[in-house]
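This report covers helix packing, a pocket and some backbone details. Please keep the sequence and the structure in view while reading.

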Amino acid sequence: MTGRLNSAQPYAIGLFRIVVGLLFACHGANSLFGTFGGRTVEAGTWPGWYAAVIELVGGSLVLLGLGTRAAAFISSGAMAYAYFKVHQPQALWPIENQGEGAAMYCWAMFLLIFTGSGALGLDRLFAKRSGAESRTAADKTPVAA
């Protein structure tokens, strides 16, 4: 059983990344464009507009699995900032201060920093291509003793 679960781990991480990235990008689109019945934030306002841009761009990159670790790092930091500057001053616990979303996104993105994109991401596709190119170049290089 453990062997099967371990072999499926890259796919589970890939699906996790896709769902988290999609939801995060939708949250940013909601704030920037008023999609899904949301309110828009005024362009250039601190911190709302900048957070929305990070959510849209970071979520899209995480969704695609492109620069996943860097995008997740910035997104996790933005959500930590959102939690501690916006939500936590209102009350201690996330359930009391409506900070559950910020806390969950922060920790989900934090996890992706360490796991990477998993399967089904563009990161893996580019890594395979660059790995194949470097192997062919290494194969052509003469070995000297």
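## Helices α3 and α5

In this predicted model, α3 and α5 pass each other in a left-handed crossing. Helix α3 covers residues 68-87 and helix α5 residues 100-115; their axes come within 8 Å and cross at roughly 155°. Because angles over 145 degrees count as roughly antiparallel, α3 is roughly antiparallel to α5.

On the α3 side, the contact is made by R69, A72, F73, S75, S76, M79, A80, Y83 and H87. Their counterparts in α5 are A102, Y105, C106, M109, F110, L112, I113, F114 and T115. By class, 13 residues of this contact between α3 and α5 are nonpolar, four are polar and one is charged.

## Helices α1 and α2

Helix α1 (residues 2-33) packs against helix α2 (residues 48-64) at an angle of about 150°, and the two axes are 7 Å apart. This angle makes α1 roughly antiparallel to α2. The crossing of α1 with α2 is left-handed.

From α1, the residues in contact are R17, I18, G21, L22, F24, A25, H27, G28, A29, S31, L32 and F33. They meet W49, A52, V53, I54, E55, L56, G58, G59, S60, V62, L63 and L64 of α2. The contact of α1 with α2 comprises 15 nonpolar, seven polar and two charged residues.

F36 is not a glycine, yet its phi is positive, at about 60°.

Most residues other than glycine have a negative phi, and most peptide bonds are trans.

## The largest pocket

Which residues lie nearest the centre of the largest pocket? They are H27, G48, A51, E55 and A82, out of 23 residues that line the pocket. The elements giving two or more residues to this lining are α1, α2, α3 and α5. The largest pocket holds about 530 Å³ of space.

The lining of the largest pocket divides into 14 nonpolar, seven polar and two charged residues.

Notes. Residues are numbered from 1 along each chain as its sequence is written. This is a predicted model: local features need pLDDT of at least 70, side-chain atom pairs count only at pLDDT 80 or more; totals for chains, interfaces and linings use all residues. Side-chain values use heavy atoms; hydrogens and water are left out. Axes are lines fitted to C-alpha atoms, for helices over the stretch in contact, and angles run from 0 to 180 degrees between N-to-C directions. Helices (H or I, at least four residues) and strands (E, at least two) are DSSP runs, numbered from the N terminus. Angles under 35 degrees count as roughly parallel, over 145 as roughly antiparallel, 65 to 115 as roughly perpendicular and the rest as oblique. A crossing is left-handed if the near helix is turned anticlockwise from the far one by less than a right angle, and right-handed if clockwise. Contact means heavy atoms within 4.5 Å. Ala, Val, Leu, Ile, Met, Phe, Trp, Tyr, Cys and Pro count as nonpolar, Asp, Glu, Lys and Arg as charged, and the others, Gly among them, as polar. On a 1 Å grid over the protein atoms alone, a cavity is a set of points where a 1.4 Å probe fits but cannot get out, and a pocket is an open set with protein on both sides within 12 Å along at least five of seven lines; lining residues have an atom within 4 Å of a point. Grid points are joined across faces, edges and corners, and a volume is the space filled by probe spheres set on the points.
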